[in-house]
Amino acid sequence: MNLSTEDWLSQLEQELKDNILGFWMKHTIDEQHGGYVGEIDNQLNTTPGAEKSLVLNARILWTFASAYRFYGHAEYLTMAERAYAYLLEHFTDEVNGGWFWMVDINGKPTQPKKQIYGQAFVIYALAEFYHATGRQEALDEAVKLFHLVEKYGYDPLYKGYVEALSRDWQMTDELSLSDKDMNEKKSMNTHLHVLEAYTGLCRVWKSEELRAKLAELIETMLSHIIDDEGRHFYLFFDEQWNVKSDHVSYGHDIEGSWLLVEAAETLGDEALLHRVQQAAISMAEAVLAEGIDRDGGIWNEAGPAGLLNKDKDWWPQAEAVVGFYNAYQLTGDARFQSAAQASWAFIAQYLVDPKFGEWYWAVDEQLRPLAHASKVSAWKCPYHNSRACFEMIERLSFITKGN
């Protein structure tokens with residue numbers, strides 16, 4: 001695949017506006033219970049009584065706030081405001097502060113624990129909503145939540161952030177994000193998305209405390225979460241950063257490579273940025289060497305014995321487009337540009353649903369869509385794919401303007 005910049009931009013904008021944003025506007029509004037539907041399958045059947053997750057609703061807010069900031073279309077603002085209002089009304093813990101992990105279809109908390117990953121996505125979404133609209137109350141909520149995360153979620157002894165706390169911010173044994181995750185005190189995934197959230201907040205709130213915390217978090221990731229060879233993320237840890245897993249997540253590696261660069265660029269520390277750029281290039285090299293199939297798709301995870309499964313989920317493909325293109329921008333190495341375009345071609349050919357819209361959750365080893373995987377769920381949101389489009393439109397537009 002060898003797309004011109006102009007053709008690629010055209011494809012990205014069409015995919016973003018018509019297929020991704022259009023799907024969520026048309027199919028996901030919950031007219032009966034408010035907010036957005038909790039689960040929809042590949043045939044557009046809504047799951048009766050499905051719970052509503054903090055992650056889904058925060059990511060919808062982030063997506064449509066970003067869309068409104070990009071394009072200024074009123075319908076995108078309406079979607080963002082709907083998500084914002086539902087989050088405030090149903091996910092906010094008015095007694096203890098912070099945001100519930102899960103609510104039922106009527107908006108009552110079913111999992112009231114304070115998952116730091118979830119708090120991070122609220123910060124990320126609120127900061128973007130403020131960035132798009134200038135709503136001071138959204139920024140105030142984001143700053144308040146930042147202080148709560150630092151007060152209760154930060155580990156002052158070993159640095160970094162714990163996975164989860166109870167409803168009233170006490171220690172809990174229920175740490176894992178999902179049934180696929182280890183029940184350990186710390187994880188790569190939570191730190192990656194706290195990094196992402198603090199980067200977004202840093203763009204709109206000029207705070208030396210926040211800048212210091214973001215710089216420390218980057219250092220923590222460089223020293224504890226990236227492996228000794230600088231090629232992959234370790235995934236799970238105890239509180240003292242002893243590694244508790246031996247799997248590699250290619251999607252997180254390529255996603256983290258560009259998010260770390262974005263964070264360091266936002267801080268503007270040239271020495272730190274140089275170190276992060278070298279780490280990002282090394283990680284992109286490793287994914288390119290180990291994590292890509294002959295069809296251009298990126299594998300999910302591997303262990304010491306090899307691949308753990310041969311499905312290809314939607315979100316690593318989206319992150320590969322941005323991560324490989326970021327590595328191309330850092331190095332000028334055409335292999336990375338080709339890998340980014342190959343990832344985009346894989347998405348267009350195998351993951352985009354030409355009948356109902358949006359992307360399939362995954363395709364199997366024979367490149368068939370997984371029949372029973374959700375199109376919308378607690379984890380299947382318009383965030384990875386829309387963000388890939390936003391990022392690539394911004395990067396490619398910069399080139400076409402002659403900069």
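Colleague: Where does Trp-241 lie?

Modeller: This is a predicted model. In it, Trp-241 sits in the loop between β7 (236-237) and β8.

Colleague: Is Trp-241 buried or exposed?

Modeller: Trp-241 is buried, with a relative accessible area of 8%. The cut-off for buried is under 20%, so 8% qualifies.

Colleague: What about its backbone, what is phi there?

Modeller: Trp-241 has a positive phi of about 75 degrees, although it is not a glycine.

Colleague: Now Leu-44. What is its phi, and where is its place?

Modeller: Phi of Leu-44 is near 70 degrees, a positive value in a residue other than glycine. Leu-44 belongs to the loop between α1 (5-27) and β1.

Colleague: Let's do sheets. In what order do β8, β9 and β10 come?

Modeller: They form an open sheet in the order β8-β9-β10, with antiparallel pairing. β8 (248-249) and β10 (306-307) are at the edges; each has a single partner strand, so one side of each has no neighbour in the sheet.

Colleague: How many bridges are there between β9 and β10?

Modeller: Two bridges, in the antiparallel sense, with β9 covering residues 301-303.

Colleague: What do β1, β2 and β3 form?

Modeller: An open sheet of three strands in the order β1-β2-β3, with antiparallel pairing. β1 (52-53) and β3 (109-111) stand at its edges with a single partner strand each, so one side of each is left without a neighbour in the sheet. Strand β2 (residues 102-103) is joined to β3 by two bridges. Val-103 has Pro-109 in β3 as its bridge partner.

Colleague: Change of topic. How many residues does the largest nonpolar core have?

Modeller: The largest nonpolar core has 139 residues. Those with the most contacts inside it are Trp-8, Leu-195, Tyr-198, Leu-201 and Ile-218. Helix α4 (residues 116-133) gives the most to this core, with 13 residues.

Colleague: What is Trp-8 in contact with, beyond its neighbours in sequence?

Modeller: Leaving aside residues within four places in sequence, Trp-8 is in contact with Leu-3, Val-321, Tyr-325, Ala-340, Gln-341, Trp-344, Met-392 and Leu-396.

Colleague: What separates Leu-217 from Arg-387?

Modeller: Their C-alpha atoms are separated by 22 Å, and the two are 170 residues apart along the chain.

Colleague: How do the lining residues divide?

Modeller: The lining of the largest pocket has 16 nonpolar, 15 polar and 10 charged residues.

Colleague: And what is the volume of the second largest pocket?

Modeller: The second largest pocket has a volume of about 490 Å³. Of the 23 residues that line it, the closest to its centre are Arg-203, Trp-258, Glu-262, Glu-391 and Glu-394. Its lining divides into eight nonpolar, six polar and nine charged residues.

Colleague: Which helices supply at least two residues of that lining?

Modeller: α2 (54-71), α4, α6, α8, α10 and α12 (384-400) each do.

Colleague: Last one. Where is Arg-368, and what does it touch?

Modeller: Arg-368 is in the loop between β12 (362-363) and α12. Not counting residues up to four places away in sequence, Arg-368 touches Ala-362 and Val-363. At 47% relative accessibility, Arg-368 counts as partly exposed. The C-alpha atoms of Arg-368 and Met-392 are separated by 27 Å, with the residues 24 apart along the chain.

Definitions and conventions:
Residues are numbered from 1 along each chain as its sequence is written. This is a predicted model: local features need pLDDT of at least 70, side-chain atom pairs count only at pLDDT 80 or more; totals for chains, interfaces and linings use all residues. Side-chain values use heavy atoms; hydrogens and water are left out. Two strands pair if DSSP finds at least two bridges between them. Helices (H or I, at least four residues) and strands (E, at least two) are DSSP runs, numbered from the N terminus. A nonpolar core is a set of buried Ala, Val, Leu, Ile, Met, Phe, Trp, Tyr and Cys residues joined through side-chain atoms within 4.5 Å. Buried means under 20% relative accessible area, exposed over 50%, partly exposed in between (1.4 Å probe, protein chains only). Contact means heavy atoms within 4.5 Å. Ala, Val, Leu, Ile, Met, Phe, Trp, Tyr, Cys and Pro count as nonpolar, Asp, Glu, Lys and Arg as charged, and the others, Gly among them, as polar. On a 1 Å grid over the protein atoms alone, a cavity is a set of points where a 1.4 Å probe fits but cannot get out, and a pocket is an open set with protein on both sides within 12 Å along at least five of seven lines; lining residues have an atom within 4 Å of a point. Grid points are joined across faces, edges and corners, and a volume is the space filled by probe spheres set on the points.
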